Amino acid sequence: MTVELQHPMKPDATPEEIARGRFTSGIRSLILNDLAADMRAAYDRRAAPAFKKEHDREPETSREAHQALRGDPAFNIYSAMRVQAQKMVWASVADSVEREADRLSHEARKAADAPGSLTLEPGLDVPKNVHAIDVHLMPGSYTRGADSLEAGAVYDRGLAVFSMGLMGANLDDIGLSMSQYIKQRFPDFAPSRILDTGCTIGHNTLPWKQAYPDAEVIAIDAAPGPLAYGSARAKMQGQEVHFQQMCADDLGFEDESFDVVWSSMFLHELSKKQRAKAFEEAYRVLKPGGLVIHMELPPNEQMGAFDGFYLDWDSYYNNEPYYKGYRDEVPADLCKKAGFGEDTFFEFVVPSIGIYGEEAVAEAAKGDRAEGVGQETTGRLAEGVMWYGYGAFKK
Amino acid sequence: MSGEKLRPEDAPPSLYDDQGNARFFADPAMDRFVAVVMNLAQEVWVQEERLLALEAEKTGKSADPEAKVKEFIDRVFAPIREA
């Protein structure tokens with residue numbers, strides 16, 4: 001199913017566009033649930049035994065599972081269809097975004113006086129990984145249409161098709177699940193200033209403002225268009241958030257000025273060097289007692305060869321060049337290297353609040369890592385998804 | 001823009017064609033055909049959804065398009081299951 005966006009910039013789509021979106025969501029569901037299960041069966045039945053015959057042992061890493069699967073009919077059909085379905089996601093929304101450019105600007109202007117702000121830095125050197133490749137096969141990447149609303153509209157409308165309903169009605173399930181988890185697990189923690197790094201359109205920023213309404217919430221991204229769109233979107237939804245164009249590895253904020261530094265599905269889009277710097281910057285701007293908290297794909301070290309490769313697939317075939325490199329890193333080490341005390345590190349799996357409900361999130365918050373990371377449902381956008389996260393406090 | 005190639009460090013060049021597109025089948029034409037079949041199925045569904053709307057208008061009874069699209073996709077793509 002395609003999610004209906006919850007604000008006035010939602011598409012005024014033609015019946016054909018609605019049908020195209022519905023088909024794309026439906027075919028993705030077939031691929032990510034049924035064909036994924038077929039590929040797993042083929043791996044167990046054919047690919048892994050063939051690997052074992054050649055190497056005298058089972059595939060042990062994501063890379064070896066990839067090697068074993070390359071050329072297998074189930075892998076081929078899953079992969080070729082997933083690539084095309086990804087292209088169909090963005091194609092299914094391109095026409096309506098182009099046609100409605102003027103209306104979107106008009107809607108954004110109407111909301112301009114609502115609380116919140118947008119600060120762009122035209123002189124900012126937008127990093128190559130943000131503009132020079134079509135990230136997740138999204139034509140024009142995050143800088144499509146420069147600082148117009150185009151890239152944000154493509155992303156928002158595309159995510160509504162892409163997510164098959166698994167990212168929530170407002171595409172905020174990750175932010176809602178994670179912020180509720182933190183609130184329940186640390187009931188005395190009361191942040192007054194929260195920073196979201198790599199926010200794109202702020203869809204997972206807003207839940208933090210909802211969880212901590214008295215906090216000042218600032219959201220940054222390197223790409224201007226999604227920020228402009230995100231600012232309008234937040235204002236339309238009555239959430240006061242301050243959007244600023246800035247890179248996470250070069251924060252223009254004072255030392256010890258935030259209580260929370262958050263990101264979702266962001267770190268895997270940074271190079272190893274940028275990522276290490278982003279962690280250092282988060283440490284620098286956090287106050288003592290402040291929390292760094294990231295939602296991401298679970299790391300390879302905690303998954304079997306096949307499940308690890310299943311996620312790493314995007315790195316090779318979905319224009320996510322840093323995805324595998326990130327997943328090969330160890331979250332606890334990333335935090336430790338940046339200065340966070342080892343004893344303050346925690347990682348967890350949160351059931352999607354939209355699928356499993358508030359009580360399930362509260363239950364998870366009561367027990368440390370109640371759900372194992374290694375499960376198929378962790379981090380996979382498919383039926384029954386759960387989100388992986390980790391954090392550390394600055395002493 | 002899409003001409004730029006950033007790849008994971010361990011990606012062998014054999015994973016991609018000379019334009020940088022991912023390739024999976026021994027015959028590269030197959031990669032294209034899979035995409036064509038998906039596009040065609042999508043276009044047939046678009047027509048199907050328009051027909052459903054017309055029929056609903058005529059009979060006053062509307063079908064659930066989400067359930068219908070699932071049936072349609074399952075039926076059309078049945079031959080590729082358990083490849």
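Visitor: Before the details, where do the domain bounds come from?
Guide: Domain bounds come from an automatic or database domain assignment. The structure itself is a predicted model.

Visitor: Which domains does chain A have, then?
Guide: Chain A is split into domain 1, covering 15-117 + 128-161, and domain 2, covering 165-393.

Visitor: What separation is there between the centres of the two domains?
Guide: Taken over C-alpha atoms, the centres of domain 1 and domain 2 of chain A are 20 Å apart.

Visitor: And how many residues does each domain bring to the contact?
Guide: Domain 1 of chain A contributes 44 residues and domain 2 of chain A contributes 39 residues.

Visitor: Which elements make up the domain 1 side?
Guide: At least two residues each are supplied by α1 (15-55), α2 (62-69), α3 (73-99), α5 (128-131) and α6 (150-162) of chain A. Of the elements on this side, α6(A) gives the most, with eight residues.

Visitor: What is the class make-up of that side?
Guide: The side of domain 1 of chain A that touches domain 2 of chain A holds 22 nonpolar, 14 polar and eight charged residues.

Visitor: Turning to chain B, how many residues of chain A are in contact with it?
Guide: In that contact, 36 residues of chain A meet 33 residues of chain B.

Visitor: Which elements of chain A are involved there?
Guide: Two or more residues come from each of α1, α3, α11 (305-317) and α12 (323-328) of chain A. The largest share of this side, twelve residues, belongs to α1(A).

Visitor: And its classes? What are the numbers?
Guide: The side of chain A that touches chain B has 19 nonpolar residues, nine polar and eight charged.

Note on methods:
Residues numbered from 1 in each chain as written. Chains lettered and ligands numbered in written order. Predicted model: local features only at pLDDT ≥ 70, side-chain atom pairs only at ≥ 80, totals over all residues. Contact = placed C-beta atoms within 7 Å. Helix = DSSP H or I, 4+ residues; strand = E, 2+ residues; numbered from the N terminus. Nonpolar A, V, L, I, M, F, W, Y, C, P; charged D, E, K, R; others polar.
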